[in-house]
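Good morning, and thank you for coming.

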Amino acid sequence: MLEHFWECYFDLSGPILCPVLGSITPLFIPNSSIRPIRLIGLCVSLITFLYPPIPRIQFDPSMAKSQFVESLRWLSYENIHLYLGIDGLSLFFVILTTFLIPICISVGWSSMRSFGKEYITSFLIREFLMIAVSCMLDPLLFYVLSESVPIPMLKIKAAYQFFLYTLLGSVFMLLAILLILLQTGTTDLQILLTTEFSERRQILLWIAFFASFAVKVPMVPVHIWLPEAHVEAPTAGSVILAGILLKLGTYRFLRFSIPMFPEATLCFTPFIYTLSAIAIIYTSLTTLRQIDLQKIIAYS
């Protein structure tokens, strides 16, 4: 049993399961004991960051395919499995996530008095979700986990606004994933990357994925939720939002849209360039008019 524990700790399961176990522990501690709760949260986040760095050391940057791949049966009758793995892109997201979470817990050290248990639990759950999203090689589970990431972070008003903006786009992405499942019979990303879709099907799927990803980046004109989210989120929440969550939108383009739909990506490249150029000019001018620091961060 001990050998199995060490094997789990040395592979990708270690940094994923560690925040989950850490988020459960404060639930058994009374709210009055705020110091042990804070120490548990900080220690768990540091252990997650300092877990044995064998994946980082043994990672081969010359390989294009995912490494340290793990598979766990989930819905075997639908050929849907839990696939985990990292490549050069996701490895940096894992390192960035585990690096920022201890900093965010330290930043809110003095402010977590009334809701310390909820603060620590939400950050550790968010860390688990962000690491799992970075390592996930199944688009369907990636969709479920990525849509769950913002839940522990935002207050009611911003959460409702974010929900309304992402609902429609997320539904299109879910329908596209189900269409892929019906056509290929699997949601394994490693298989889908070698699957050739027709140009017409690629365009259809690319648009469906883009409807979800554009809101997450966010791209103009579906960016209105971002300033509200920055203003309503605590300082540590703004750090996570700017440092990781907004990068996940672009990460999704690089992880799914470009490799799975290369012909459609070439077709829509001028469109993306145009939107990006408009966004740079528009948000730069808007930033100059702001007096709230968090809004300045959001727009810039």
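Helices α5 and α12 are roughly antiparallel to each other, because the angle between their axes is over 145 degrees. Please keep in mind throughout that this is a predicted model.

Two packed helices are described by the angle between their axes and the distance between the axes. For α5, residues 88-107, and α12, residues 235-260, the axes cross at roughly 170 degrees and come within 9 Å. On the α5 side, the contact is made by L89, S90, F93, L96, T97, L100, I101, C104 and V107. On the α12 side, the residues include V239, I240, G243, I244, K247, L248 and Y251. Sorted by class, this contact between α5 and α12 holds 14 nonpolar, four polar and two charged residues.

Helix α12 has another partner to consider, namely α7, residues 139-148. The axes of α7 and α12 come within 13 Å and cross at roughly 175 degrees. That crossing makes α7 roughly antiparallel to α12. Which residues of α7 meet α12? They are P139, F142, S146 and E147, and they meet Y251, R252 and F256 in α12. By class, the contact of α7 with α12 has four nonpolar, one polar and two charged residues.

I now turn to empty space. Rolling a probe the size of a water molecule over the atoms shows where such space is left. The largest pocket contains about 790 Å³ of space. It is lined by 32 residues, and V217, P218, M219, T250 and S276 are the closest to its centre. Helices α11, α12, α13 and α14 are the elements that each give two or more residues to this lining. Which element gives the most? It is α13, with 11 residues. The lining as a whole divides into 22 nonpolar, nine polar and one charged residue.

Let us finish with M219, one of the residues closest to the centre of the pocket. M219 lies in the loop between α10 and α11. Is M219 buried or exposed? Its relative accessible area is 9%, and buried means under 20%, so M219 is buried. Leaving aside residues up to four places away in sequence, M219 touches F210, A214, I272, L275 and S276. M219 and L275 are 56 residues apart along the chain, yet their C-alpha atoms are separated by 7.3 Å.

Technical notes. Residues are numbered from 1 along each chain as its sequence is written. This is a predicted model: local features need pLDDT of at least 70, side-chain atom pairs count only at pLDDT 80 or more; totals for chains, interfaces and linings use all residues. Side-chain values use heavy atoms; hydrogens and water are left out. Axes are lines fitted to C-alpha atoms, for helices over the stretch in contact, and angles run from 0 to 180 degrees between N-to-C directions. Helices (H or I, at least four residues) and strands (E, at least two) are DSSP runs, numbered from the N terminus. Angles under 35 degrees count as roughly parallel, over 145 as roughly antiparallel, 65 to 115 as roughly perpendicular and the rest as oblique. Contact means heavy atoms within 4.5 Å. Ala, Val, Leu, Ile, Met, Phe, Trp, Tyr, Cys and Pro count as nonpolar, Asp, Glu, Lys and Arg as charged, and the others, Gly among them, as polar. On a 1 Å grid over the protein atoms alone, a cavity is a set of points where a 1.4 Å probe fits but cannot get out, and a pocket is an open set with protein on both sides within 12 Å along at least five of seven lines; lining residues have an atom within 4 Å of a point. Grid points are joined across faces, edges and corners, and a volume is the space filled by probe spheres set on the points. Buried means under 20% relative accessible area, exposed over 50%, partly exposed in between (1.4 Å probe, protein chains only).
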